[in-house]
Structures are given as structure tokens and as C-alpha cells.
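The sequence and the model come first, and a description in short sections follows.

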Amino acid sequence: MDEREEEQLLQQITTREYKEGFVTDVRQDFIPKGLNEDIIRTISARKEEPAWLLEFRLDAFRRWQRMEMPRWPHLDLPEIDFQNIIYYAAPRKDADRPKEIDPKLEETFEKLGIPVRERAALAGVVAVDAVFDSVSVATTFRASLAEKGIIFCSFSEAVKEHPDLVRKYLASVVPPGDNYFAALNSAVFSDGSFCYIPKGVKCPMELSSYFRINAAGTGQFERTLIVADEGSSVSYMEGCTAPMRDEQQLHAAVVEIIVEKDADVKYSTVQNWYPGDEQGRGGILNLVTKRGLCRGEGSHLSWTQVETGSAVTWKYPSTILQGDHSSSEFYSVAVTNHFQQADTGTKMIHQGRDTRSRIVSKGISAGRSQNSYRGLVRMGPGAAGARNFSQCDSLLIGSLCGAHTFPDIRSLNPSAVVEHEATTSKISDEQLFYCTQRGLTAEDAVGLIVNGYAQEVLSRLPMEFAVEARALLQVSLEGSVG
Amino acid sequence: MVSSNSDFAPASAGHGRYAPFPVPSGSGVVRVPAGTSLQRVFVFPDMCPDDVPAALVLAQEAKADLVFVVLPGSSARIPLTVDLAGPEAQVRLRGLFLSDGEDEVRITVTVHHRHPHCQSRQLFNGILAGKARGTFHGTVIVAPDAQGTEAYQENHNIILGEAARMETQPVLEIYADDVKCSHGATVGALDENEHFYMRSRGIPEAEARVLQILSFLSPVLDAIPDEEQRAALTARVEEAALRCTGL
């Protein structure tokens, strides 16, 4: 590539837009900055929570105070000043129309392509729970889902309307003291989605949560709880974006999934938080704990994630395979460019007999980014006949980035079989030459090759997401060739 | 029941960036001068732990080929750092272990590619019977300037004993782009189909098991250059394999 072309590319990068990077000007209620027991009491009071939930938060906070920031990830994490964060921000409701959605918020979500009003005419109906900063602004199709006995609402509403269910399942997979950020989340979590699929019910539409950070100086701490009762099935999608800012913002979520006997849950994420600019300024610190429990016999949980955003990603969607014959899969594409850092992977904890898991991870690093796969496969003493297969590939674009693989395999059972393989390579000159001599630009060629490389994972995404994910891959790698 | 994220072992280098540790020096460091080659076979429990170098430093175009054989009755610790400190250096590490009873084998290998066009190949195969415990921590670090690196790392394990356990962590840390790096790790049992094949042809159970173990370990045994030594060690491995099957 000659100098002029390179310059052009550089121009493109610097003017490249994160199209979700706008700010919505809406009147918001904040609570004061800082983190202490009073703040937690304030959050709990704002949300009109029962006493047991406040106790749960305070217990988690006390645990968190005794814990230390994890230093083991392969990340250059900035010091986080937890006292300099606003833990609760909510768009103000107008007194004259308390039930209506603020038109500005509706506009925001429309702009992001998220319908917050029910439009049955749309092909491929999706029920959406839209979360703006610390509160859920709308959940669509609640009534038609309720006919089947499915509960799909914001977490705060679930606490009020289904306290027994929430109390039974909350923290049953990720206990409050599980890790530093899970403890923080348990203390200050604001809103998220709650989903319950009753026995034998197949959810007729995709359920989806969309998380939006808007206010400056805040953090988002969402909590999602999905319960699939015996023989039920559901496909759940999650998306997220944030405005472009020079400061880094913290996002520490907890997702818990309980899968009962013969139930089937598919959880898909397209993570597109603001990744920071090309100098590495700003961006979201995405430090989340996601875990599912395959509790019943024959239960199945599938994770699919496309990670293109965030300045820092620290995320290991995991499955505990407790029920005999239960199975789980993890499909991941993680793309990092510029100064982004990702340390992501999964944990498959096999406890039951004849449990199965499969891990397919595709990392793509470009620019000066660092991209790590970290995974744990553990075969417990009871995991007779269990099987795991892991395949982790890394693709390097440019000589200044890094790609790392940290698998951890532990077997305590003589009849369990674990297989892991990983490769690291760059896009070969032959591949590029083949494409460019057929008239593709270098950029398009890379896009094509990367899409092919990630195909195995992308094909697992629900249709609504697959198109978006493909486009995101292209954008994330813009300007990485040269 | 629920495990926490802190299960993971800490990263070997700096946090997120390439942070090289200095080239090893001092006692226990074996230097392989430019253009020369080194070949060694280490047998446990025959050797005392001090016989194994703590680190190997390879200069330009130097070659090293090490073979490790760990027989039952030895809780071997093999901590080895290989520093490819000159371009086009090549290292080949192969090891096998047969562990029984309360044996505990720990293999910790770090291979550091600092310069362009170096090659490293690792192969460690292990059998764990009784209450044996094995750990393999293998790290390959490829520095930003080490273009044209080829690094391969393999660790395969077979668990025979109900109470035996294995932990393996093959780590790749790569900071250069023009590289060919791969690793593979497996933990499992002896293949029942192979066993059935032999039994259906009249091979007694114990002999069939020993044959399976020998074929699993043979890629390492074949690497022993001296014919006499290879034959002697193969005989010892065969005897140990029979004991490990418990038949």
C-alpha cells in the first residue's frame, strides 16, 4: 500500500464515526456521587424495595469492601475511583403523563433501531425491554407474553410483582461475594430484565434487552435474571451502546440464568459499547459476570457473543453443568482495534454424568489492541463420560497488536474427555492477493476474510442480530489495514 | 459449587502489555553458543533435580533437543525456561510421564521467543494412575520483534486411576503478527475401540493396555537418539505401564 493510500485510510479512521455515540438531552434525576451505605439505602428507597432486598444489597456491599480488585486479567486496567461515580441516574417522568414514554427517549431508541412500541407488522417480532441508564423505560409485548404465562418485565417491576420468584432465584447462580464486580453489582444494581418461562412453554418470540448509557459520570449496573422452567425454551438477545466521551465509564453487570430439566435457553449478545477513540481515550469498562446453571437433567444453554465495543472487556459467560446429560455451548467473536483490550472466554464446569460442552472462540486483534481468550474446563468427580471440545483461533492484523490464549483444563474424572486446540496466525498475503487481484480493495478483502473466519459463530446468531453483527465487524476493523 | 473468576492462574507477563523479563543468568543456566547444538535425556528418578538446568539460553542458530522421561515413584518437578536469545534458534522439548500411587508431577515450561525466525516444539504426554496428580503449565511468549516465529505446544494426558487428576494450562502470549503458533491439550481415557480391536484378536487385557500406553508414549521414546538407551528406557516404561494398569 503506498503512502497516499495510507494517508487516506488514516483520514478515514480519524473521521470514522461510532454512530451510536450521540447524547440524548433529557432531564434526569441523579443521586449524589459516591458509594456508601447511605447511597445504597437511597437507591433501594428510590426503587421502593422490600427490606430483604436492601439487606441483600448491604450484605453485598460489606463483602465488596473486604475484597480487592482482581489483578490477574491480562489487562492494563486504569484505577477506578468508585467514589467518583454516580450510581443512579433516571430520566425524569413528567407529572402530567406518568404512564407515557418520554418522546425523547422513544426517539433515542428509535434512532438506535430499537422499537419501544409494539409493531406487530414488523417481520420477526421481538419483545424488547429497553433500559436507559438506571431504569427500564419500556417493555413491549408484555400482555401477549403473559397469555402464555411468560413473565418478561424490568427487574424492578419483578421485585414488586413477583417477589417470591425473584427471592428464590436471585444470587442462586452468582452469589453476592462471587467476585469483586459481582459484589459491587449486587450492592448497587439498578435495573435489568427479568424473564420467567413456565413449565412446557416455548416462548413464541425472541426476547431482547437493550441497554443504553446516556448520562455522564455514571456507571451502569444492570441485573438480569432468566429462569426457564421444565421443558421450556427461550431465545434471548442483548444489545448495548453508549455516547462518545473522553472519560471512561463503568459497566458492571450480572446475568444469571437457571435452566431446569429439559429446558433450552439461547443467550445472544452483540456488545457494542463505545470503544474509546483511536488514541485510546474514553470508552466503556465492561466488567461483567454472566453465568448459567443447567440444573435439570437434559437442560441446554447456549451462549453466543459478538464483542466489538468497550475499551476494556472482562467477561466470561460460564455454565455449570449440574444436571446429568445437560449440555452447553459457547460461541464467541471478539474484535479489538486501536487501544481496546479484551480478556474474554468461558468456563464450563461439568458436574453431572454425560454432560457435553463445546467452545468455539474467534479472536481478531488489530491496531495496538490486546485480545485474550481465557477459559476453564473442569471435569468434576461426578462428570463420568463427560465431553468437552474447545477451539480457539486468533487472527492478528498488524504487527503492534497481541493475541493470547489462556486455557485451563482440570480433569478429576478418568472417563471424562477434554480436547483443546488453538491457533494464532495473520491473514496471509496469498489470501489478500487473491481478493485484491479480483478487484476488491484491501479493506473489503479483509472484511470478507474476517467474515468468513467468524462465520461459524455468526451463523449461530438469531437473524435479527446476524446482519447487525456483520456490519459491526466491518466497522470495527475499519482502518486496520495498511 | 459455584466457582469464582479467581480460579484462573495469574498471567505470566505484565498486565496486557509485553513486559519481558531479563534473559536468565547465573547458576543453573545452560548457554548454547551460536551455531552449536545440545542434546540431553533426563530420566527420573535416576537424576537428582539439580541435574536439570533451570534455564536454557540459545544464541543465534543454536539448537537444543531435550527429552524428559518420568517413571513411577518420582514426584518430579521440571521448571524450565527456554530463552531463544538469537535469531533462527530452534528448541525441541519432549517429555513423558507415568505416574502412580501418590506421585505428583509438575511441568512448568516457559519458552520465550525474542528474535525472528526461531522455532519451538513441545510435546508432553502423560499417564496418571492411582492417586497421581499432574500439572502442566506451558507458556510460549512471542516478542513484538519475533516475526516468522513457529511455536507448537502439545500436552496429552490419559487418566487411568479413579482418584488421579490432571491440570493443564497451555498458554500462548503473542505480540507479533507474522507467526505460526498453535497448541493442543487433551485429557481423557484409553480408547475403548482400540482395546476392543486387540481383545477381539486374542490379545490378553493387560498386554492390550500396555500396547495402548506404549503407542501413546512412543512419540517421546522415539526421540531418544541413542539406540541402547532407547531400548533400555522402553523396557522400563513397558514394565511401569503394566504396573499402572493394575492388572
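Two residues are in contact if their C-beta atoms, placed from the backbone, lie within 7 Å. The model described here is a predicted one.

## A covered helix in chain A

H8(A) spans residues 180–188 and is mostly covered, with nine of its nine residues buried. The buried residues are Tyr180(A), Phe181(A), Ala182(A), Ala183(A), Leu184(A), Asn185(A), Ser186(A), Ala187(A) and Val188(A).

In soluble globular proteins, nonpolar side chains tend to be buried together. In this model, the largest nonpolar core has 202 residues. H8(A) gives the most to this core, contributing seven residues.

The residues with the most contacts inside the core are Ala130(A) and Val265(A) from chain A, together with Leu58(B), Val70(B) and Val142(B) from chain B. Leaving out residues up to four places away in sequence, Val142(B) touches His113(B), Thr149(B), Ala151(B) and Ile174(B), as well as Tyr175(B), Ala176(B), Val179(B) and Cys181(B).

## Chain B as a whole

Chain B contains three helices and twelve strands. Its radius of gyration is 19 Å, close to the 18 Å that the globule rule gives for 247 residues, so chain B is as compact as a globular protein of that length. Along the principal axes, the C-alpha atoms of chain B fill a box of roughly 55 × 50 × 30 Å.

Of the 247 residues in chain B, 45% count as buried. Among contacts in chain B with a separation of 6 or more, 83% are between residues 24 or more positions apart.

## Parallel strands around E8 of chain B

Strand E8 of chain B covers residues 119–128 and is mostly covered, with seven of its ten residues buried. E8(B) runs parallel to E6(B), and ten bridges join the two. E8(B) also pairs in the parallel sense with strand E10 (residues 149–159) of chain B, again over ten bridges.

Leu123(B) in E8(B) takes part in both pairings. Arg94(B) stands opposite Leu123(B), and in E10(B) the bridge partner of Leu123(B) is Glu154(B).

## Backbone features in the loops of chain B

A cis peptide bond, with omega about 10°, joins Phe44(B) and Pro45(B). Pro45(B) is placed in the loop between strand E2 (37–44) and strand E3 (55–58) of chain B.

Positive phi values occur at Glu61(B) and Glu88(B). Glu61(B) is not a glycine, yet its phi is positive at about 55°. Glu61(B) lies in the loop between E3 and strand E4 (63–70) of chain B. Phi of Glu88(B) is near 60°, also a positive value in a residue other than glycine. Glu88(B) is found in the loop between strand E5 (77–84) and strand E6 (90–99) of chain B.

## Where the chains meet

The contact between the chains takes 45 residues from chain B and 43 residues from chain A. On the side of chain B that touches chain A, strand E11 (165–174) and strand E12 (179–188) each supply at least two residues. The residues on this side of chain B divide into 22 nonpolar, 14 polar and nine charged.

Strands of the two chains also pair: E22(A) and E11(B) are antiparallel over six bridges. In E11(B), Thr168(B) is the bridge partner of Ile409(A).

Arg410(A) lies in strand E22 (residues 402–411) of chain A. Leaving aside neighbours within four places in sequence, Arg410(A) is in contact with Arg378(A), Met379(A) and Glu167(B). The C-alpha atoms of Arg410(A) and Gly380(A) are 8.3 Å apart, while the two residues are 30 residues apart along the chain. With 19 other C-beta atoms within 10 Å, Arg410(A) is partly exposed.

Methods. Residues are numbered from 1 along each chain as its sequence is written. Chains are lettered from A and ligands numbered from 1 in the order in which they are written. This is a predicted model: local features need pLDDT of at least 70, side-chain atom pairs count only at pLDDT 80 or more; totals for chains, interfaces and linings use all residues. Helices (H or I, at least four residues) and strands (E, at least two) are DSSP runs, numbered from the N terminus. A residue is buried if 20 or more other C-beta atoms lie within 10 Å of its own, exposed if 12 or fewer, and partly exposed in between; C-beta atoms are placed from the backbone. Ala, Val, Leu, Ile, Met, Phe, Trp, Tyr, Cys and Pro count as nonpolar, Asp, Glu, Lys and Arg as charged, and the others, Gly among them, as polar. Two strands pair if DSSP finds at least two bridges between them. The radius of gyration is taken over C-alpha atoms; the globule rule is 2.2 Å times the number of residues to the power 0.38. A nonpolar core is a set of buried Ala, Val, Leu, Ile, Met, Phe, Trp, Tyr and Cys residues joined through C-beta atoms within 7 Å.
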